[in-house]
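Please look over the sequence and the structure below before reading on.

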Amino acid sequence: MTPKSKAKQDSSEKKIEPPAPDLSGSAPDTASKTKKKYTIEIYKGWCKCCGICAAFCPRECIRLDEEGMPFVEETDRCTGCGWCELHCPDFAISVHERRAKRIEPTED
Ligand code: SF4
Ligand code: SF4
């Protein structure tokens, strides 16, 4: 037996185990573990109610009230693309990633 054929034989002897099946019946919850969340802040004092942010947000997170003032309707849809922040002519909108709250240890 040549060294090459021996190596081939050794590698074919290694048994690769398939991953254990998930028998829980529920779909894997990968989205909630990986999806980032964002906070959208609107500085009303700087906003001139042009409506650009609401009109062009690709996820329709921002709406306008009856006076044309934007408000955040749905933060969970925000992808953090930054379009609104970049295109607001008055720098009146800011988007940043929400961090998980730090849990302080308690004293018993
Ligand atoms: S960051 Fe993007 S998705 Fe989020 S509110 Fe602004 S435009 Fe919409
Ligand atoms: S783009 Fe800026 S100025 Fe225009 S409505 Fe939105 S926050 Fe206000």
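## Surroundings of the two ligands

In this predicted model, ligand 1 is surrounded by 14 residues, and the closest of them are Cys57, Cys78, Cys81, Trp83 and Cys84. When the residues of this shell are sorted by class, ten are nonpolar, three are polar and one is charged.

Ligand 2 is likewise surrounded by 14 residues, of which Cys47, Cys50, Ile52, Cys53 and Cys88 are the closest. The shell around ligand 2 is made up of eleven nonpolar residues, one polar residue and two charged residues.

## The nonpolar core

The largest nonpolar core has 13 residues, and the members that touch the most others are Ile40, Cys53, Cys57, Cys61, Ile62, Cys84 and Ile93. Two or more residues of this core come from each of two elements, helix H3 (52-56) and strand S4 (93-97).

Cys61 can also be followed on its own: apart from its neighbours within four places in sequence, cysteine 61 is in contact with Ile40, Val72, Glu73, Glu74, Thr75, Arg77 and Cys78.

## Two positive phi angles

Cysteine 49, which lies in the loop between strand S1 (38-42) and H3, has a phi near 60°, a positive value in a residue that is not glycine. Because cysteine 49 has 15 C-beta neighbours inside 10 Å, it counts as partly exposed.

Where is glutamate 60 found? Glutamate 60 belongs to the loop between H3 and strand S2 (62-64), and its phi is near 55°, again a positive value in a residue other than glycine. Glutamate 60 has 13 other C-beta atoms within 10 Å and is therefore partly exposed.

Terms used. Residues numbered from 1 in each chain as written. Chains lettered and ligands numbered in written order. Predicted model: local features only at pLDDT ≥ 70, side-chain atom pairs only at ≥ 80, totals over all residues. Near = placed C-beta within 6 Å. Nonpolar A, V, L, I, M, F, W, Y, C, P; charged D, E, K, R; others polar. Core = buried A, V, L, I, M, F, W, Y, C linked by C-beta atoms within 7 Å. Buried ≥ 20, exposed ≤ 12 C-beta atoms within 10 Å, placed from the backbone. Helix = DSSP H or I, 4+ residues; strand = E, 2+ residues; numbered from the N terminus. Contact = placed C-beta atoms within 7 Å.
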